[in-house]
Amino acid sequence: MNDVMVSVVMTTYNHEAYLAEAVESVLAQRTTFAVEILIGEDCSTDSTLSIARRYEAEYPERVRVITSAENVGWRNNYRRTIAAARGRYIAMLDGDDVFIDDDKLQQQVDMLEADASLGMCYTRSIRRTETGVESLYPEGPCSTTFEAMLRRNPAENCTVVARRDLVEQYYSEVQPATHPEWLTDDLPMWLWFAANSRYGAIDRPMAMHRVLANSVSHSPDYRRKIAFCDSLSDISLWYDERYHCGALRSWLLRNKQNTALWVLSYNGAVSEYLARWWRDVRQAPRLLFNIAAYGLFAKKVLWRMWQR
């Protein structure tokens with residue numbers, strides 16, 4: 001396909017129940033420009049690959065499957081699929097998510113084309129659990145500042161469209177593969193855009209993100225949940241130090257501790273709670289004065305008493 005404007009990067013693994021809907025939602029987009037779909041398939045153990053190949057055969061000018069003989073892992077799959085893109089812009093859509101507005105790509109590209117200072121833009125999204133419960137994200141205003149993103153990421157992966165040349169610049173400068181402790185590639189990329197350009201928002205839901213129970217970001221295992229939240233905090237701390245003179249360091253460390261201790265106030269033994277609290281205080285002594293930690297400890301004790 002010549003003169004591709006948007007490359008939709010769709011990484012997928014064991015998404016046989018969702019992939020067709022994701023692809024169809026891209027094919028349904030109303031645009032004045034060419035759109036390609038890159039399906040990064042990472043050796044699924046179900047029929048995901050055959051579904052992807054079916055669309056590639058039916059739409060050879062619009063769909064390409066990026067795969068290999070062996071599983072390469074989520075980070076390498078994400079990177080190789082982005083590297084195969086030919087469009088001026090890259091849109092993100094995991095194989096279990098879906099666009100819910102047929103004008104999504106057109107509106108986002110129009111915004112980016114009209115303002116060269118914008119590196120990326122996002123929209124609101126609908127989060128849907130496996131039981132069908134839906135919620136709007138972000139719940140509050142659509143923020144567009146670097147500091148706001150350091151505090152909380154407002155942009156779901158499935159809502160973002162970004163300039164491809166800046167995406168490649170991000171990979172060259174930050175080299176996320178050297179940060180295995182980062183458990184996502186989304187937030188580091190968005191923060192780099194926010195620090196080195198500007199980002200915009202469309203204040204309406206245009207994509208749906210499925211909240212799957214066994215995903216990395218929504219695991220029912222409380223220790224995995226804490227590890228993922230710690231990773232998000234560490235990413236923000238890294239960017240705060242390099243691009244914000246560490247202005248939010250105290251807030252970010254306190255928020256990191258409070259998030260972990262909130263999870264532990266419901267889960268694990270008292271000793272695990274205290275071990276986490278002491279680890280945080282040793283690393284950042286000012287957290288000794290974090291009043292919320294003591295309130296959460298009282299809550300944990302009362303919670304255990306109530307459970308008995």
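Predicted model: local features only at pLDDT ≥ 70, side-chain atom pairs only at ≥ 80, totals over all residues.
**Stop 1: Thr184**

Is Thr184 buried or exposed? Its relative accessible area is 11%. Buried means under 20%, so Thr184 counts as buried. Now show the side chain of Thr184. That side chain reaches the backbone nitrogen of Asp186 at 3.1 Å. Next, select Trp74, Arg75, Phe228, Leu232 and Ile235. Thr184 touches each of these, leaving aside residues up to four places away in sequence.

**Stop 2: the nonpolar cores**

Select Ile82, Met189, Trp190 and Tyr239. These residues have the most contacts inside the largest nonpolar core, which has 52 residues. Helix H7 gives this core its largest share, seven residues.

Center on Met189. What does Met189 touch? Its contacts are Tyr78, Ile82, Met92, Val167, Tyr170 and Tyr171, again not counting residues up to four places away in sequence.

Then move to a second, separate core of 30 residues. Val23, Phe33, Val63 and Tyr89 are among its members.

**Stop 3: helix H2**

Select residues 48–58, which form helix H2. Color Thr48, Ile51, Ala52 and Tyr55; these are the buried residues of H2. Turn the view to look down the axis of H2. The buried residues fall within an arc of 100 degrees, so they line one face of the helix.

What do the buried residues of H2 pack against? Show strand E1 (4–12), helix H1 (19–27), strand E2 (34–41) and strand E3 (63–66) to see their packing partners.

Methods:
Residues numbered from 1 in each chain as written. Heavy atoms only, no water. Buried < 20%, exposed > 50% of the residue type's maximum accessible area, 1.4 Å probe, protein only. Polar contact = N/O pair within 3.5 Å; in protein donor to acceptor, adjacent residues only side chain to side chain. Contact = heavy atoms within 4.5 Å. Core = buried A, V, L, I, M, F, W, Y, C linked by side-chain atoms within 4.5 Å. Helix = DSSP H or I, 4+ residues; strand = E, 2+ residues; numbered from the N terminus. Arc of directions from axis to C-beta.
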